[in-house]
Amino acid sequence: MSFEAIVIGGNFAGLSAAMQLARARRRVLLVDAGAPRNRFSEASHGFLGQDGQTPAAIMGEGKRQLSLYPTITIREGKVVRAHSDGDAFIVGTEDGGEERAARIVLATGVSDTLPEIPGLQERWGRSALHCPYCHGFEVSGGKLGVLANHPHSAHSAMMIPDWGATTFFTQALFEPDEEQLVKLTARGVRIERSPIVELLGDNPKLEAVRLADGRILPLDAVFVAPKTTMASPVAEQLGCAFDDGPFGPVIRIGDNKETIVKGVFAAGDAASAMHNAALASASGVLAGVHCHQSLVMQSAA
C-alpha cells in the first residue's frame with residue numbers, strides 16, 4: 001500500500017490528525033475538498049494562539065507546517081466513495097483516482113441548513129451566528145437575538161445575556177415552558193412571539209429584523225443553531241453507525257475515536273455534537289494518536 005492512513009478532510013480536525021501520524025513517521029495521505037464549514041466566518045475566536053485569525057490563514061499555515069514532514073502527501077480533491085477491501089480500505093476521488101490504506105480518519109465535517117428567512121443565509125458567520133463562545137465577544141454590548149429553531153433554543157437564550165441585551169424569538173414554534181420562562185425572566189431575556197420574517201441592514205451587517213406583525217426591531221446580531229447533515233457520504237458507505245445529536249446525526253465513536261468499523265476513526269464536527277475549532281483540533285489529535293497506536297498493535301500482533 002502507498003499509504004498507511006488516509007485522512008479525509010483538511011480542516012482543523014483533519015490537519016491535527018494528520019500531524020500526529022506524520023510525526024510518527026507513518027505514510028499519510030490527506031485529501032481536502034477545500035470547502036470547510038467555517039469558510040463563511042471572518043475570523044476564528046477562542047482558539048488559543050490563533051484568536052482572530054481567519055480560518056483560511058490557520059488552515060494554510062497548518063498545511064504548510066504539515067508539508068514539511070517527509071511522509072505526508074497533501075492533495076486537493078473530493079473523496080466521493082470508500083469501501084473496505086479485506087484488511088484495507090479503498091478511497092476514490094471525484095476525478096476517478098483511487099488510493100488504498102490500512103486506516104481511515106474521517107474529518108469530513110457537516111453541512112448547515114438554516115431556517116428559510118430572507119437575509120439569514122447571506123449573513124451567516126458574520127452577524128447571524130451559531131456560537132457565543134466563538135463570536136459573542138465581537139458583538140457584545142449590542143442588541144442580540146436568539147432565533148428558536150430547536151427544543152434547546154431556550155437554553156441558548158439563557159446564555160446570551162452575558163454578551164448583551166437579549167430577545168428570544170420563539171418563531172411560534174418553541175414556546176418556553178413554565179420553568180424556562182422563570183429562568184429566562186431571571187436572566188432578563190425578552191420574549192418575542194411574533195416570528196422574524198426578514199433580516200434587514202447593509203449585508204453582512206444586521207441592523208434590524210422585520211416581524212410577521214409588521215414591526216421592525218433593531219438588532220445587531222442573531223444567534224441560531226442550524227440543522228446539520230453529513231457533508232460527505234463516505235462514513236455511511238464505510239458502514240459507520242450514527243447517533244442522533246441535538247442538531248443532526250453524528251458518527252458514533254468510542255473513547256479512542258474509532259467508529260464501529262475497525263480501522264476507521266472519526267474526528268471533528270461530524271463526530272461530535274459540540275462544534276468548536278479548538279475541540280475539533282483536539283479530537284483530531286486523539287484520532288491521529290489512536291490511529292497510529294492501532295497500526296502499532298497490528299504490526300506487533
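The legends below accompany close-up views of a predicted model.

View 1. A pair of aromatic rings is described by the distance of the centres and the angle of the planes. The count of aromatic pairs in the model comes to 2. In the pair shown here, the ring centres of phenylalanine 12 and phenylalanine 47 are 5.5 Å apart and the planes stand at 75 degrees, so the arrangement is edge-to-face, the class for planes over 60 degrees apart.

**View 2. Tyrosine 133 and tryptophan 163 form an edge-to-face pair.** Their ring centres are separated by 5.7 Å and their planes lie at 90 degrees, so this pair too is edge-to-face. Because tyrosine 133 is in helix α3 (residues 132-135) and tryptophan 163 is in the loop between α4 (153-159) and β10 (165-169), the pair ties together parts that are 30 residues apart in sequence. Tyrosine 133 is exposed, with a relative accessible area of 58%, whereas tryptophan 163, at 17%, falls under the 20% limit and so counts as buried.

**View 3. Helices α1 and α2 pack with a left-handed crossing.** Two packed helices are described by the angle between their axes and the distance between the axes. Here the axes of α1 and α2 come within 10 Å and cross at roughly 15 degrees; the two helices are therefore roughly parallel to each other, as the angle is under 35 degrees. On the α1 side the contacts are made by Phe12, Leu15, Ala18, Met19 and Ala22, which meet Pro55, Ile58, Met59, Gly62, Lys63, Gln65 and Leu66 in α2.

**View 4. Isoleucine 160 is buried in the loop between α4 and β10.** The relative accessible area of isoleucine 160 is 2%. Apart from neighbours within four places in sequence, isoleucine 160 is in contact with Pro132, Leu144, Val146, Thr166 and Phe223. Valine 189 is 29 residues from isoleucine 160 in sequence, and the C-alpha to C-alpha distance between these two residues is 8.7 Å.

**View 5. Backbone geometry at a cis peptide bond and at two positive phi angles.** Most residues other than glycine have a negative phi, and most peptide bonds are trans. Asparagine 203 and proline 204 are joined by a cis peptide bond with omega of about 10 degrees, and proline 204 is placed in the loop between β12 (196-200) and β13 (208-211). Alanine 172, in the loop between β10 and α5 (178-186), has a positive phi of about 60 degrees and is exposed, with a relative accessible area of 60%. Lysine 257 has a positive phi of about 70 degrees; this residue lies in the loop between β18 (249-251) and β19 (264-266) and counts as buried at 16% relative accessibility.

Conventions: Residues are numbered from 1 along each chain as its sequence is written. This is a predicted model: local features need pLDDT of at least 70, side-chain atom pairs count only at pLDDT 80 or more; totals for chains, interfaces and linings use all residues. Side-chain values use heavy atoms; hydrogens and water are left out. Rings of Phe, Tyr and Trp (its six-membered ring) pair if their centres lie within 6.5 Å; planes under 30 degrees apart count as stacked, over 60 as edge-to-face and the rest as tilted. Helices (H or I, at least four residues) and strands (E, at least two) are DSSP runs, numbered from the N terminus. Buried means under 20% relative accessible area, exposed over 50%, partly exposed in between (1.4 Å probe, protein chains only). Axes are lines fitted to C-alpha atoms, for helices over the stretch in contact, and angles run from 0 to 180 degrees between N-to-C directions. Angles under 35 degrees count as roughly parallel, over 145 as roughly antiparallel, 65 to 115 as roughly perpendicular and the rest as oblique. A crossing is left-handed if the near helix is turned anticlockwise from the far one by less than a right angle, and right-handed if clockwise. Contact means heavy atoms within 4.5 Å.
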